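Here is a short tour for anyone who would like to find their way around this fold. Keep the model open as you read.

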Amino acid sequence: MNDFEPKILAFVCNWCTYLGADLAGTSRLKYAPNVRIINIPCTGRLNPLFVLKAFERGADGVIISGCHPADCHYTSGSSIARRRWIVFRRLLDVLGIQGRVHFFWVSAAEGRKWADITDEVTQSIKRLGPFTAFPALENAWAASRRLARP
Ligand code: FES
């Protein structure tokens, strides 16, 4: 398991975390190369189904990160995302996806914080191991849909 390199997908807001990640790169900070970034306009735009889709497509972990609440470019998007996250986290627990989705606020000036988060989440997902439960979850959902049909 020591040579396991997790695939981590990061949904980051265009206005803060994306620039923070860029700052980490231009500052030549060293951090784990396991994270692939998807740039979104605002964390308030993130549909929770995007996160489930990431696991379906083979991600071992997901990071969601955007502006600090008072800095959201769209005023309330970050706060909406935080409220949505509180509910969504419970759903993830029910689905057995605990500890694989992490939510942060990283500003454009926090390149060091982004590098640290990347390292910490990578280590955390390494300890959990590869995420292999999605096919079983998918089969259970398909079976429940078949049972629900009249
Ligand atoms: Fe960054 Fe809303 S614009 S979280």
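## Before you start

This is a predicted model, in which local features need pLDDT of at least 70 and side-chain atom pairs count only at pLDDT 80 or more, while totals for chains, interfaces and linings use all residues. Residues are numbered from 1 along each chain as its sequence is written.

Helices (H or I, at least four residues) and strands (E, at least two) are DSSP runs, numbered from the N terminus. Two strands pair if DSSP finds at least two bridges between them.

## The sheet

Let's begin with the open sheet, where four parallel-pairing strands come in the order β2-β1-β3-β4. At its edges are β2 and β4, each of which pairs on one side only. Ignoring direction, neighbouring strands are turned by 20 degrees against each other on average. Such angles run from 0 to 180 degrees between N-to-C directions, with axes fitted to C-alpha atoms, for helices over the stretch in contact.

Strand β3 (residues 61–66) runs parallel to β4 (residues 101–105), and five bridges join the two. To get from β3 to β4 the chain passes through helix α3 (residues 77–95), making a right-handed β-α-β crossover; that is, with the strands pointing away from the viewer, the path from the first strand over the helix to the second runs clockwise. Within this pair, V62 faces V101 of β4, and I63 stands opposite H102 of β4.

## How the helices pack

Helix α1 lies across β1 (8–13), β2 and β3, and runs at about 120 degrees to β1. Contact here is between residues whose C-beta atoms, placed from the backbone, lie within 7 Å.

How do α1 (residues 17–26) and α4 (residues 111–128) cross? Their axes come within 7 Å and cross at roughly 90 degrees, so α1 and α4 are roughly perpendicular (angles of 65 to 115 degrees; under 35 is roughly parallel, over 145 roughly antiparallel, and the rest oblique). On the α1 side, T17, G20, A21, L23 and A24 make the contact, and on the α4 side G111, K113, W114 and A115.

## Two loop residues with positive phi

Most residues other than glycine have a negative phi. R28, in the loop between α1 and β2 (35–40), has a positive phi near 60 degrees. T75, in the loop between β3 and α3, has a positive phi of about 70 degrees.

Are they buried or exposed? R28 has 7 C-beta neighbours inside 10 Å, so R28 counts as exposed, whereas T75 has 13 and is therefore partly exposed. The cut-offs are 20 or more other C-beta atoms within 10 Å for buried, 12 or fewer for exposed, and partly exposed in between, with C-beta atoms placed from the backbone.

Definitions and conventions: Two residues are in contact if their C-beta atoms, placed from the backbone, lie within 7 Å.
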